[in-house]
Amino acid sequence: MYNYFAYRYDELTGNIDYEAGSECISGFLSEQGIGKNSTLLDLACGTGTMSLLMKNRGYRVTGIDISEEMLSVADHKAQGEIPFIKADMRDFHLAKPVDACICCLDSLNHLDSIEDVEAAFKCVHASLRDGGVFIFDVNTVYKHNHVLADNSFIFDEEDYFLAWDNELLEDNRVRIMLDFFVFNGENYDRYSEEFVETAFGEEALRAALSPYFEVLGVYDENVPDPPKNDSQRIYFVCKRI
């Protein structure tokens, strides 16, 4: 769960092409007969950027996230036009099944184990109508071991300074440590947060999906091409069985 990070999340992910992602996802949905006015769950919706883009593409969107801070930002952006629910992706249920579910921006990597991932898949399965579509992305093992790894990143902005340190752990896990120094008009307040992301291999994800979904395809980020050895994020397109 994020705290102060939630309120800076959109700034720090400004390099992500959300529009291209929403277009790619819409294309996958359309191929499976999920068109405009279909109901869509945005699981682990964060600050609601993808929720809003999918709503603007004509879907009837509901968002779920575990972070109150993230949902606060999302609700402010949506101005009451999208319902948001606070829930754990491993343990949630909907009052009425939806046509499709998406889970974007490596949200599943925040889960600690493949057992947690399978629990999330089971909940998604229960939330979808028969034949419903599930699309999600994950950071790859390559990204964890070669891009995030033990690297550090610095963001020097007008009103804050961020030191972002990564520590590569065993089992394709990366500990991410954030230290914000925020100017208060006279000096700087410090906010520190820490979380771990875990990368799961494609075969492990396929095995966790198999009781609940047919995998229709696995693709590189935002393009309908197969993943490469150095792909950093991949998409799974699945159908409920």
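Strand β6 pairs with β7 (residues 160-168) in the antiparallel sense, over five bridges. Pairing here takes at least two DSSP bridges between two strands, and the strands (E, at least two residues) and helices (H or I, at least four) are DSSP runs numbered from the N terminus. Aspartate 156 sits opposite phenylalanine 161 in β7.

This is a predicted model: local features need pLDDT of at least 70, side-chain atom pairs count only at pLDDT 80 or more, and totals for chains, interfaces and linings use all residues. Numbering starts from 1 along each chain as its sequence is written, and side-chain values use heavy atoms, with hydrogens and water left out.

Back to the sheet. The order is β6-β7-β8-β9, an open sheet of four strands with antiparallel pairing. β6 (152-156) and β9 (188-198) each have a single partner strand, so one side of each is left without a neighbour in the sheet.

Next, helix α5, residues 114-127. At 1.5 Å a residue its 14 residues should span 20 Å, and the end C-alpha atoms are 20 Å apart, which agrees; the expected span is 1.5 Å times one less than the number of residues. Buried residues of α5 include Val117, Phe121 and Val124, where buried means under 20% relative accessible area with a 1.4 Å probe, protein chains only.

Last, the cores. A nonpolar core joins buried Ala, Val, Leu, Ile, Met, Phe, Trp, Tyr and Cys residues through side-chain atoms within 4.5 Å. The largest has 45 residues, and Ile135 and Phe180 are among those touching the most other members. Apart from it lies another core of 32 residues, including Leu41 and Tyr212.

Technical notes: Buried means under 20% relative accessible area, exposed over 50%, partly exposed in between (1.4 Å probe, protein chains only).
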